[in-house]
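Subject: Structure handover

Dear colleague,

Here is the structure I said I would pass on. Some notes on what was found in it follow below the entry.

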Amino acid sequence: MSAPAQLRHTPAASRGDASRGDASRGDASRRDAGRRATPPGRRTPGGRVPGGRPPGHAATAAERRIDPRWIRWLPVLLVLIDLIIEAALPQATAAGFLLTTLPVLVAFGFGPLATGLSTVAALALQLALAARVDHLLEHHHLWVYVSTMLAGLAGVALAHQRTRQDGYLVRARTVSEALQRTVLRPVPELVGGLRTAGLYRAAEAEVAIGGDLYEVCDTRFGTRILLGDVRGKGLEAVRTVADVLGAFRATAHETADLVELAEQLDRQVRREAAECGDEELFVTAVLVQHEPGSGRAEVVSRGHLDPVLLTGGAVRTVPCSQDLPLGLGHLRAQGPPPSTSVPLGPGQTLLLHTDGVTEARDRAGRFYPLTERLAARFEGRSTVAPDQLVAFLGEDVCAYGGQATDDLAVLALSPLALSPLLSAPE
């Protein structure tokens, strides 16, 4: 992550907690709590995650398979080559010798039973080819038969061990996905007076959670949103993500003032830094609060990127009062600045993002021009739905920058035209 002067960072998703005072709105929140968006990750235009699946959905056979598909075709290719050589040069070449490696190739793509059967098949084919040219019991052919059996035994052992390791990897991946859904909850489609959509992508494809974080809570003070980026990577960053999200989920329902809520998160990060002995630990974050029907949103930025507002076909960055990142608030010379009031009414969409978006680079090293790309894509559109915005960014950033080098988190928010009770989606 960059230095505090450039403080930018990232994760993605959560759920609404039905705790409004008004009974009818509480009923609407409970009905909509069941409507979950797809889990964090890259989205297609339909809002789904390529290669992903909804929380709790069991892995399919194709998803459980660790090995690439082409490995399973190697044994077939070997047998075809052997038979072609045998047919082309029947007297000059003992092509059956190639079949000695068949069980080992099968072991890389299949289980012990298939490997054992391939050993028997290889021996049978070698015997048939040798008998065809009256070499069945020649000395060198006998050693080939022995070598094939030994290769078969080694292949069965290899297949058994590989199958066990694949099972361990599948279980580890399942645990990782469960952890992701626990720490980074799916973004609700509707929470409070907002339609929301989220996207999350870890820089390392094998890792479910990176150093980005996000959460959406429906509280008695309004809908509150947190999006942030932890300095650093690895397990320590994940630990900080979990701590900050846990603190936010607890205090968002109890602290009336948004600036004070940010201060409590700041103290939590400082405690975390003291516990892990990392004096340079900090989290850039943006907190948003929206009350239904207010036409505005309050924003507190702790060293994070300014949000982007899409309204009436125009795209613009919304300057916000900047404060030091969470964990570094004690270094400021005076108290925290007040929150920034941002216009956010029906038909407008507010975009929160981490530097995984703006710091994506093309082959020439140019940074991703967020506002320009959004303006070009949604020019002339009076309204942009959050899921459409998120789906576009998920595809466009990937196409622009290729392989991700940083975590990426995006949240898009758009107020409902009516109360949640009257405008619940069909």
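In strand 12, Ala409 is the bridge partner of Tyr200. Please keep in mind that this is a predicted model. The pairing of strand 2 with strand 12 is antiparallel and has 8 bridges. Strand 12 is also paired with strand 11, again in the antiparallel sense, over 4 bridges. There, His353 has Val410 of strand 12 as its bridge partner.

Is strand 12 enclosed or open? Of its 8 residues, 8 are buried, so the strand is largely enclosed by the rest of the structure. In a regular strand the side chains alternate between the two faces of the sheet. In strand 12, Leu408, Val410, Ala412 and Ser414 point one way, while Ala409, Leu411, Leu413 and Pro415 point the other way. Both sets are buried.

Next, helix 11, which covers residues 386–401. With 16 residues at 1.5 Å a residue, the helix should span 22 Å, and this agrees with its end C-alpha atoms, which are 22 Å apart. Its buried residues are Pro386, Leu389, Val390, Ala391, Phe392, Leu393, Gly394, Asp396, Val397 and Tyr400.

What do the buried residues of helix 11 pack against? Their partners include strand 12 (408–415), along with strand 2 (194–201) and strand 11 (349–353). Strand 7 (308–311), helix 9 (355–358) and helix 10 (370–377) are also packed against by these residues. After helix 11 comes Gly402, with a positive phi near 70 degrees.

Regards

Note on methods
Residues are numbered from 1 along each chain as its sequence is written. This is a predicted model: local features need pLDDT of at least 70, side-chain atom pairs count only at pLDDT 80 or more; totals for chains, interfaces and linings use all residues. Side-chain values use heavy atoms; hydrogens and water are left out. Helices (H or I, at least four residues) and strands (E, at least two) are DSSP runs, numbered from the N terminus. The expected span of a helix is 1.5 Å times one less than its number of residues. Buried means under 20% relative accessible area, exposed over 50%, partly exposed in between (1.4 Å probe, protein chains only). Contact means heavy atoms within 4.5 Å. Two strands pair if DSSP finds at least two bridges between them.
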